[in-house]
Each structure stands twice: as C-alpha cells, then as structure tokens.
Amino acid sequence: MSILSISDLTVRFGGLTAVNAVSLDIPSKEIVSVIGPNGAGKTTLFNAITGIYDPTNGRICFNGEEARRPFRWTTSLMLALVGLVAGLSLVLIVNVEPLWDTAITSNYVYEQTFLWSKAVSAATNYFTESPGQRFAIPFLIGGLIGLSGAFAIWQRTRRAPEVAARAGIARTFQNIRLFNQMTALDNVLLGMDSQLRTRVWHAALRLPLFWRERDESARRAMDILHFVDLEREAHQLAENLSYGHQRRLEIARALAMQPQLLLLDEPAAGMNPAETQELMKLIHSIRDRGITVLLIEHHMQVVMGISDRIAVLDHGEKIAEGTPEAVRSNPKVIEAYLGKS
Amino acid sequence: MPAPRRILFHWSFLVVAALIPLIELLLPGHPQVGDLLRPIFIMAILGLGLNILTGFTGQLNLGVAAFMAVGAYSYAILTCDIYPFRLGFWSATTLTVLVGLTVGLFLGLPTIRLRGDYLAIVTLGFGEIVEDVLKNLDSITKGTQGINPLPAPSWFGYHFRAETYQPWYYLFLGFLAVLVLLNRNLQRSRVGRAWISIREDELASSCMGVNPMKMKLLAFALGAAQCSLAGALWASYLGSSGEPGNYDFQVSIIALCIVIVGGMGNVGGVLLGALVIMGFNSIILETVTNFLKAHQIISSSNVFTSPGSWKYMLYGLALILMMRFRPEGLLPSRQFKAEAHPNEPHSPPTA
C-alpha cells in the first residue's frame, strides 16, 4: 500500500519548469531515495510535498487524500464572522461622530443619570432615518471586503506547510534550518508542538495541565534525543552544536512530530565516513519504527546501501525508478550522470 | 519550577522595589525616588508588550504608541465624568485591556502575511493614523486638548490622591509584577517556544506544524493588550488622557530602545532597559540639568546647552553603540535559556 502517491506533478516558476509531470508512489514503511544531478528538481519535489510550493498541476495524495485545509462548517462560520465584523466596523467608522452626538452627547447632562434606553432608541432612530446610506451601503461594502479578504487568505493558505506537517509529513532541510537560539531540547519540543494541548491560559496561569504536559513532553523529548544519541547536548544552544550533531538534531526534531512519512533532504551532506555509517544505521532504525523514509542524497554509497527503491530525476522529469540494482545498470541513469559517449 | 536561587533573586528584586518608599521616609530630607520610578514602571509595561511582538515573535512594530494611545483614550472615555460611562478604575482598566486586545487583532489580521520591513512600515503608518484620528475626532476625543480631569483610582474605599504617591507606586508595581510573571510563564511554555521559533525561522517552524498566522495574531493581541494597559495606567497617572501628540513616533522609538537595550526576548532585560532608558530620561537628565542651572553653568535661554534637548541624539547614539558592541542587549536571553529546564534530566555540559 502506498502512503504517498504523486500523480502527474508539475511545478513551474514563471518560464522554468522545475518538476515536470512526475508520478511517484511511495510504499509504506520503505526507504525510497530520490537521486539526480544538481538542479534536477529534487528539493522542489520535497517542497511541493510539504506544502511550501503549490503544484502548478497534478495531485499529491497522502494516505489517499490531498493534504489541504478541509472546508468545514467552522470555516464558513469564520468567514461569515470576519465579514460581519468588517461590515459593522465600516458602519461604525462611517457614522462614528454623528452617532456619538445623537446617542451620547445630546442625551447626557453633566453628572445626571444616563438613560441607556434613550441612547439606544436615538441610535436606532439615527439609522432608520436613512438606512440605506447610513447602514446598508457601508455594511455591504465592509462585509464584502472582509469576506473576500478572509476567503483569499484562506484559499492561499489551504496548502500550507503546517497542514502537511499536521497530516504526518515531517522533513529536514538541505541547508540546516534549526532554531539556533533555542536549546537542542527546545528544538525537539517544538517538533512536538502539534501534539500538545496546552493553551495560552494554561501556560500563563500555570494550570495543572501545563505542569503535566511539560514533564511528559520533556521526558519524551529526552527519549528522542537519546534515540539520535544527542542526550548530552540537550541543554546546548543549537547553533553551538557541531555540524553532524546539527544534522542529527534536525532528524530528532522531525521525529518528535511522530510522522508517518519522513523526508530527509541530503542528510549525509558534509559528513565524514564514520558519521555517514552512523547515519545509515539511524535511518534503518527509523524505518524499523514504522516510519516511511523519503530521501534525497548524493552519496551513492548511502543511497545504494539503504534504499529499498530509487527514483531518478533529471531536468525535472523522472527517468528511472526501481530497485538499486536496476537503477544502477539503467543506461538512461548512466547517461544523466556521466553524459553521452 | 525555576531554580530556587533564581526565585530568590526575583523575589529580592520585588522586595527591594516594595521597600523603596518606606526607606525614603527614614532618610533625611525624604528624597522621593519612588515618585520618579512610577513612569519607569509604566514604560516597562509598554516595553513588555512590545517585547512579545518584537522580542519573542520577531515582528518589528514601530507603532506601539498607538496601542498606548488607544488604551489611554479608552480609559479616559470610560472614567471621565463628561461622558456617561463613569466607570471605576478596575472595570475601566479591564475594558481597556479588552479594547487593546481587539485593536491588536484588527491590526494583526490584515497585516498577518507581511514580514520584516513591510510590517514595520504598516505599523508605523498605523501609529500616525491613530494620532491623526484622535486629533480630528473632536466630539469624542476633545481634539488636541485631551480628556481631563480623570477621577483618581480607588481601592476598597481608599481614594488615591495626587499628593501622596506611595499608593500609586504600589499599584503600578503590582501591575508590573503580575505582568512579568505572566510573560515569563508564557515565554517558558509551548506558546513562547512557538513565538521564538517563528522569530528564528518561520518556514521551518511552520514545517514543524506550528501555525505561524495564529501565533502571530496571538502575539499581536497580547502585545497590544499590554501596551493599552500601559496607556490606561499612564492616563490614570496623569489624570488626563494626554493630548494625541503625546503618543507619537518618539514614544514607539523609546519603547523599542527599551527592548533592544535591555535584551530582545528577555523579560528581565526589558525591566533593565526601562530602568536605564527612562531612568536616564527622567532622573539623570533632570538632575544634571537642574544642577547645571543652579550653578549657572548653562542658561535656560539657550536650548542648545540644555542636556535635555540632546536626549534623542543620545538615544540614537546608545542604539548605534548597542548594535555595534552588544547587539544581544544588556541582559540577553540566552544565558537564561540553558537554565530554563532545570527540572528535567540534566547532565553536566561536555567539555
């Protein structure tokens, strides 16, 4: 069963087609590598899967459905609310001074009791005198602006990175993107964010849920750091870690999300042979935890050593796919890497 | 729980601050240092509000004075007896905070997708708009004359008076202490972590499942609420809403100086920043000017020789020097970071 199925995916930036009609099925609980020369569109493929880029064409289905914000009744409620508030605000902005004069100023005698009922009826009178000009038109214009603005923002953020992340796709980056001013432990805890139930009020007032979740999540984070062998570095700032440790910390942060699919973008880049061996072991044990791994890598030794399947991209197109042995001997792949003889 | 040593440190700070008015009574001549500390407390609250936005979340805001103005004017309208509302101090303050929250959301919603310089420009414009609206909405805000007089706050039947500053001092100190506590709690929680991650790398943060729009809106709302609380306290302190010109760009810049000089993203740093910047402004500069005038070293007719006229230049110089030599501020947050989780399994740092 495939966990991720990409069909006919095209990503275009202006005139440049970075990924062209790529179809790819990632079977569950396997290690799949994407290889190809520089500029082949591998990272663009990753960015499309994680919702950073919107595909120009084609579908990316994760667990059988597209990772997009669903349109639910709460969405329409939210849109209606924004429209309503925007409409009423514009009514208020347009009428604020005369409304204040008729309802408040003219009804209030200094230090006498103020009759709110009189103010309300004065305000109602003010609007009923000329309902179209004073209420309906500004309300409609404001409502329309609010509604369309909110809808546009919602539409444009339907396929956002956090939606893909919450669906269960975690990733690391080609150029390490840790939170440098946070400790290693905090980096991992941030990866756990979507599983936490603490809200602002719990945090601000230190309600019991905060304490419970704080201890529990810290314990789990330490477990994950232990898994990638960074336990001793837990309280160091991420920027002070060595390069290899930073790479592993990024994997730990992604694992903290409890993903079903883990995308690793060149995890072995810049590592020495010993570190690379350790990394391969780590990726194997991640797969053994039941997490599907999709990997971009240039280290052929790593790719051939751990991949169950390999897909080869060149100039944005998929030119080969199969087991390591099949790909290795595929003439098209050899041509893409070494050129035509 | 924070380490006992640091708890002790914070409490001793609070105790010292609480004792200042009492110590003054014992000293000869009754120096009123606490009186001068009141505006510092209020500016510290303003700085804390800005710190949520700029320090934690990394959203540069150049219009916090507008939030302060909204707070001051809402408080004035709700309490002043030329309007029918005539609320007491506590209910008016609560409502003001809610108004600030709403205004923060209103500004946050349309600007939520802007980043960096663009957001700074929009907030700058927002500050100017609010000032202009307050100037021109004559019938409600009384234009450039401001709303006054405001009744003094009261607590359980005790009415504050302008002559005795001590009750005010404790009122503002209490507000500041509560806000420091709330801000620290937020910083060391899931919320603060998400804010800081957005400051560090918004894309990575959203790839980890944090919804940046939601968290930024939250920061906007909470920051604006705190700034408007500072405005309400300021209005009650002045006994007037102040005129719209009191909430101009310079106030926003002073708030920014407080956050930057103190140390971005660190609550304790903001307090120190407020003490340094405002202390310099309202204590040192005044004392120096008075001293120079008393000894006839400078004449009051020549504005160029008065140190007070040079203060914005000195702020600018301080900012440049800070950026050059200590960009992380006087009390940066990173030292605190490593200590932030002492309760969890901890091993000594490797050599």
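**Helix packing and chain contacts in a predicted two-chain model**

In chain B, helices α4 and α10 pack with their axes 7 Å apart and at an angle of about 140°. Here, helices (H or I, at least four residues) and strands (E, at least two) are DSSP runs numbered from the N terminus, while axes are lines fitted to C-alpha atoms, for helices over the stretch in contact, and angles run from 0 to 180 degrees between N-to-C directions. The angle makes α4(B) oblique to α10(B); angles under 35 degrees count as roughly parallel, over 145 as roughly antiparallel, 65 to 115 as roughly perpendicular and the rest as oblique. The crossing of α4(B) past α10(B) is right-handed, a label used when the near helix is turned clockwise from the far one by less than a right angle, with left-handed used for anticlockwise.

Residues are numbered from 1 along each chain as its sequence is written, and chains are lettered from A and ligands numbered from 1 in the order in which they are written.

Two residues are in contact if their C-beta atoms, placed from the backbone, lie within 7 Å.

Among the buried residues of α4(B) are Ala92(B), Val99(B), Val103(B) and Leu107(B). A residue is buried if 20 or more other C-beta atoms lie within 10 Å of its own, exposed if 12 or fewer, and partly exposed in between, with C-beta atoms placed from the backbone. The cover over the buried residues of α4(B) includes α3, α5, β1 and α10 of chain B. As for α10(B), its 27 residues reach 38 Å from first to last C-alpha, close to the expected 39 Å. Of these 27 residues, 23 are buried, so α10(B) is largely enclosed by the rest of the structure. After α10(B) comes Gly239(B), with a positive phi near 75°.

Helix α2(B), residues 33-56, has two partners to look at. Its axis comes within 9 Å of the axis of α7(B), residues 166-187, and the two cross at roughly 20°. The pair is therefore roughly parallel, and the crossing is left-handed. Leu37(B), Phe41(B) and Ile45(B) are among the α2(B) residues in this contact, and Trp168(B), Phe172(B) and Leu176(B) are among those from α7(B). The contact has 14 nonpolar, four polar and one charged residues. With α11(B), residues 249-262, the axis of α2(B) is 9 Å apart and the angle is about 70°, so these two helices are roughly perpendicular. Their contact involves residues including Met43(B) and Leu50(B) of α2(B) and Leu256(B) and Val259(B) of α11(B). It has seven nonpolar, four polar and no charged residues.

The two chains also meet. Chain B gives 38 residues to the contact and chain A gives 47. On the chain B side, the elements giving two or more residues are α6, α7, α8, α9 and α14, and α8(B) supplies the largest share, seven residues. This side divides into 19 nonpolar, eleven polar and eight charged residues. Gly209(B), in the loop between α9 and α10 of chain B, has contacts in chain A that include Glu162(A), Arg166(A) and Met257(A). It counts as buried, with 26 C-beta neighbours inside 10 Å.

The peptide bond from Asn148(B) to Pro149(B) is cis, with omega near -5°. Pro149(B) lies in the loop between α6 and β1 of chain B, and Lys142(B) is found in the loop between α6 and β1 of chain B too. Lys142(B) has a positive phi near 60° although not a glycine, and is buried, with 20 other C-beta atoms within 10 Å. In chain A, Arg206(A) has a positive phi of about 55° and is partly exposed, with 17 other C-beta atoms within 10 Å.

Methods. Predicted model: local features only at pLDDT ≥ 70, side-chain atom pairs only at ≥ 80, totals over all residues. Nonpolar A, V, L, I, M, F, W, Y, C, P; charged D, E, K, R; others polar. Expected span 1.5 Å × (residues − 1). Lists of a residue's contacts leave out its neighbours within four places in sequence.
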